[in-house]
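Open the model in your viewer and keep the selection panel at hand. The stops below run from the whole chain to single residues.

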Amino acid sequence: MGRGLKNCLLPDRVYQKMASLDRVKVLVLGDSGVGKSSLVHLLCQNQVLGNPSWTVGCSVDVRVQDYKEGTPEEKTFYIELWDVGGSVGNASSVKSTRAVFYNSVNGIILVHDLTNKKSSQNLYRWSLEALNKDSSPTGVIVSNGDYDREQFAENPVPLLLIGTKFDQIPENKRSEVLTRTAFLSEDFNAEEINLDCTNPRYLAAGTSNAVKLSRFFDKVIEKRYFTRDPSQMTGFTDRKRFNFKSLHYD
């Protein structure tokens with residue numbers, strides 16, 4: 001399970017213990033306005049963000065994760081959630097500015113607005129930009145064809161797909177939207193969570209969403225600290241370059 005850090009005064013010995021915790025870095029990527037800041041606040045503080053604002057550059061919050069909770073291997077880690085702002089524009093200056101946040105990343109949360117099909121489509125570009133931080137993800141073609149999913153199957157960086165504003169989808173459209181997000185999940189070889197960031201119950205302990213979230217963070221920690229095969233260690237230093245020739249998106 002995970003828990004957030006409240007803004008409060010703590011004894012020095014507690015701060016010393018906190019400083020000694022190992023940590024992992026998780027990017028939170030997606031179009032402006034999809035609710036990344038609200039999501040991060042909910043994940044870290046277990047509270048609804050009352051007055052969300054646009055993120056300029058990057059905002060970082062911290063979540064405490066009990067890795068393999070309830071087992072002899074249980075250990076506490078920090079999860080640093082890096083909420084990266086900006087648009088998917090092709091301006092090289094924008095991309096180069098964001099690239100500084102893509103170093104030494106251990107996991108990626110891809111966030112899209114379930115009521116905005118374009119924000120879902122743009123997740124391909126966001127993932128390409130992060131996974132190929134030294135290149136410009138141009139020429140991505142969205143069509144009804146297929147592309148090689150094996151590229152993401154071989155990706156060592158754990159991914160999680162989160163759809164926001166679930167409450168705003170009309171009842172008669174939910175089946176259609178969820179079918180579309182299931183394709184996205186398959187394309188990225190990632191589990192999916194759909195929620196409303198203004199309702200903490202979507203991530204309440206014991207729910208399927210909470211289980212998926214904890215499983216994702218455990219996977220990120222596992223690959224960062226407990227994977228023996230160096231080729232499976234996460235990080236972008238020696239990773240493959242990803243390139244989609246054709247993406248299917250209905």
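Buried here means under 20% relative accessible area, exposed means over 50%, and partly exposed lies in between (1.4 Å probe, protein chains only). This is a predicted model, in which local features need pLDDT of at least 70 and side-chain atom pairs count only at pLDDT 80 or more, while totals for chains, interfaces and linings use all residues. Residues are numbered from 1 along each chain as its sequence is written, and side-chain values use heavy atoms, with hydrogens and water left out.

**Whole chain**

Select the protein chain and colour by pLDDT, the predictor's confidence in each residue, from 0 to 100. The mean is 80, and 70% of the residues reach 70 or more. Residues 134–147 have pLDDT below 50; this stretch has 40 contacts in the model beyond near neighbours in sequence, a contact being heavy atoms within 4.5 Å. Next, show the secondary structure: 8 helices and 9 strands. Helices (H or I, at least four residues) and strands (E, at least two) are DSSP runs, numbered from the N terminus. Of the 250 residues, 47% count as buried.

**Helix H5**

Select residues 123–131, helix H5, where 8 of the 9 residues are buried. Among them are Tyr-124, Trp-126 and Glu-129.

**The largest pocket**

Rolling a probe the size of a water molecule over the atoms shows where empty space is left. On a 1 Å grid over the protein atoms alone, a pocket is an open set of points where a 1.4 Å probe fits, with protein on both sides within 12 Å along at least five of seven lines; lining residues have an atom within 4 Å of a point.

Which residues lie nearest the centre of the largest pocket? Select Gly-33, Val-34, Gly-35, Lys-36 and Ser-38, from a lining of 24 residues. The volume of this pocket is about 400 Å³, counted as the space filled by probe spheres set on the points, which are joined across faces, edges and corners. Helix H2 (residues 36–45) gives the most to the lining, with 3 residues. By class, the lining has 6 nonpolar, 12 polar and 6 charged residues. Ala, Val, Leu, Ile, Met, Phe, Trp, Tyr, Cys and Pro count as nonpolar, Asp, Glu, Lys and Arg as charged, and the others, Gly among them, as polar.

**The cores**

A nonpolar core is a set of buried Ala, Val, Leu, Ile, Met, Phe, Trp, Tyr and Cys residues joined through side-chain atoms within 4.5 Å. Select Val-26, Leu-39, Leu-81, Ile-109 and Phe-217, which have the most contacts inside the largest core, a set of 26 residues. Apart from this core lies another of 20 residues, including Ile-108, Leu-110, Leu-159 and Phe-188. Return to Leu-39: not counting residues up to four places away in sequence, its contacts are Ile-109, Val-111, Ile-162, Leu-195 and Cys-197.

Select Val-40 in helix H2. Val-40 counts as buried because its relative accessibility is 5%. Beyond four places in sequence, Val-40 touches Val-28, Asp-61, Leu-81 and Asp-83.

Move to Leu-159 in strand S7, buried at 9% relative accessibility.

Finish at Asn-209 in helix H8, which is buried at 11% relative accessibility. Leaving aside neighbours within four places in sequence, Asn-209 is in contact with Ile-193, Asn-194, Tyr-202 and Leu-203.
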